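Biologist: I would like to go through a model feature by feature. Please give the idea behind each feature, then the case at hand.

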Amino acid sequence: MKKILCVAFFGIMSLTGFAQSGTNSPYSQYGLGILSEQSSGFNRGMNGLGLGFHEHNQVNYLNPASYSAIDSLTFIFDAGISGQITNFSENGTKLNANNGNFEYVVAGFRAFRHVGVSFGLVPLTNVGYNYSSTNYIDEGKKATYTNAYSGDGGFHQVYLGAGWEPFKGFSFGANFGYLWGTENRSLVTSFSETYANTLSKYYTVDVRSYNLNVGAQYTAKLSKKDALTVGATYTMGHKLHSDPELQVISTNSETSVSDTTTFTVKNGLEIPHIYSAGFMYNHNDQLKFGVDYSLQKWAKIDFPQYSVVNNVPQYALKSGLYKDRQKVTVGAELCPSAYGRNFFGRIHYRAGVSYATPYIKINGQDGPKEISASLGFGIPIMNQFNNRSILNISAQWVHQSAKDLITENTFRINIGITFNEGWFAKWKVQ
């Protein structure tokens with residue numbers, strides 16, 4: 001029965017992940033798209049908190065140093081999906097959209113004494129939008145033009161990481177990842193006048209690169225029941241060795257004859273250096289409270305942009321399209337009695353809030369800032385085989401807004417299952 005449930009769950013997860021995009025946001029047309037949540041099921045209940053999380057029964061890939069805490073006789077497998085409803089509003093006009101998405105699949109185990117290993121698949125960016133706008137060409141309001149915008153795709157990462165605790169209280173680790181994915185964007189401009197040409201722009205980006213993330217944690221015992229873990233990570237910024245391409249197609253509306261011009265920017269994409277730090281206070285494994293801060297150094301990165309200078313079309317790198325992104329997260333977890341007999345006392349009750357500044361600029365002004373909050377539960381799965389597996393469920397609200405631009409309110413449900421199996425224990429014959 002257990003195997004059947006597993007197969008059903010991952011079958012649904014796969015269909016959800018490949019059938020739909022993880023976003024419908026028009027903001028995903030800028031930069032590399034919407035930055036995906038870099039957290040698993042238990043983190044999401046605390047709105048993504050985790051840099052100081054150093055526990056034995058979860059895979060916390062936010063900080064690879066945490067892998068050293070994984071139990072020696074268990075194999076942990078964790079996977080999650082999400083579903084969301086987003087409300088878009090602008091100038092009194094409102095629209096709703098629904099999405100489902102594969103979120104992550106990760107695993108971890110103890111390889112050697114004080115050495116833990118993790119591997120998995122996580123998304124990095126999401127692109128998904130489809131909308132149009134119609135405007136008048138001149139003040140006479142006789143002729144109009146319509147811009148149709150659409151995009152899809154995203155980048156993903158498969159990683160392998162390890163964490164080592166060389167002496168009690170201190171650990172460090174690293175994740176090495178392979179990045180891949182394709183993002184497609186298009187802008188088609190058509191005119192109400194039949195003599196005017198249709199102008200189409202198709203942007204394509206294909207990425208095959210790497211990612212490196214390192215982290216460290218130190219746990220100080222404050223008393224017999226209290227401990228404080230401080231964590232920090234660094235993600236290396238670098239060029240992605242990708243050549244963004246743009247095709248500009250002008251089509252004669254009367255003859256349907258097209259003229260195509262192709263532009264390519266060599267090595268035109270880059271990811272930023274990311275610096276993060278946080279802490280988690282732990283009281284007797286019952287109450288955990290923490291704060292995370294991250295700084296993504298986007299401001300000095302150039303990005304390809306199409307422009308016409310002196311009647312000459314260009315597709316080249318341009319500065320000033322990004323800004324540094326900062327994010328602060330505060331979260332907590334309460335588990336009244338993790339090893340008690342009362343079922344409700346063994347549930348992990350979680351909550352968290354975050355504030356993030358944008359990394360993109362739109363028409364010279366800052367993109368949308370983000371405010372989010374979450375509530376979640378970690379429900380123990382108890383059966384005849386073990387009582388260490390956990391069903392993680394959380395609800396999250398995300399608000400994005402910028403002056404004179406679209407306001408987005410997203411309500412998201414995250415569901416993840418952590419299977420914690422005693423695969424390495426030896427059988428005893430009585």
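Predicted model: local features only at pLDDT ≥ 70, side-chain atom pairs only at ≥ 80, totals over all residues.

Biologist: What volume does the largest pocket have, and which residues lie closest to its centre?

Modeller: Begin with the volume, then go to the lining. The largest pocket has a volume of about 1,200 Å³. Its lining is made of 39 residues, and Q29, Y30, Y149, I362 and N363 are the closest to the centre. Strands 4 (115-136), 5 (144-167), 6 (170-191), 7 (198-221), 15 (303-309) and 19 (361-362) are the elements that each give two or more residues to this lining.

Biologist: How many residues of that lining are nonpolar, polar and charged?

Modeller: The lining of the largest pocket has 20 nonpolar, twelve polar and seven charged residues.

Biologist: Which residues lie nearest the centre of the second largest pocket, and how does its lining divide?

Modeller: The second largest pocket holds about 530 Å³ of space. Its lining has 21 residues, with H54, T219, K221, A227 and T229 nearest the centre. Two or more lining residues come from each of strand 7, strand 8 (226-235) and strand 13 (274-283). Here the division is four nonpolar, nine polar and eight charged.

Biologist: How many cavities of 30 Å³ or more does the structure hold?

Modeller: A cavity, unlike a pocket, is a space from which the probe cannot get out. The structure holds two cavities of 30 Å³ or more. Strand 23 gives the most, with three residues.

Biologist: Which residues touch the most other members of the largest nonpolar core?

Modeller: For a core, look at which members touch which. The largest nonpolar core has 22 residues, and L32, F155, V207, L269 and Y322 touch the most other members. Take V207: neighbours within four places in sequence aside, V207 is in contact with F155, L179, W180, G181, L240, S242 and L269. There is also a second, separate core of nine residues, which includes Y61, I70, Y104 and V106.

Biologist: Are E55 and K288 buried or exposed?

Modeller: E55 counts as buried because its relative accessibility is 12%, and K288 also counts as buried, at 7%.

Biologist: Which other residue does K288 form a salt bridge with?

Modeller: K288 also pairs with E333, the closest N and O atoms being 3.8 Å apart. E333 lies in strand 17 (residues 325-334), so this pair ties together parts 45 residues apart in sequence. E333 counts as buried, with 4% relative accessibility. Through shared partners, salt bridges join E55, K288, E333 and R350 into one network.

Key
Residues numbered from 1 in each chain as written. Heavy atoms only, no water. 1 Å grid on protein atoms, 1.4 Å probe; cavity = no way out; pocket = protein on both sides within 12 Å on 5 of 7 lines; lining within 4 Å. Points joined across faces, edges and corners; volume = space filled by probe spheres on them. Helix = DSSP H or I, 4+ residues; strand = E, 2+ residues; numbered from the N terminus. Nonpolar A, V, L, I, M, F, W, Y, C, P; charged D, E, K, R; others polar. Core = buried A, V, L, I, M, F, W, Y, C linked by side-chain atoms within 4.5 Å. Buried < 20%, exposed > 50% of the residue type's maximum accessible area, 1.4 Å probe, protein only. Contact = heavy atoms within 4.5 Å. Salt bridge = Lys/Arg side-chain N within 4 Å of Asp/Glu carboxyl O.
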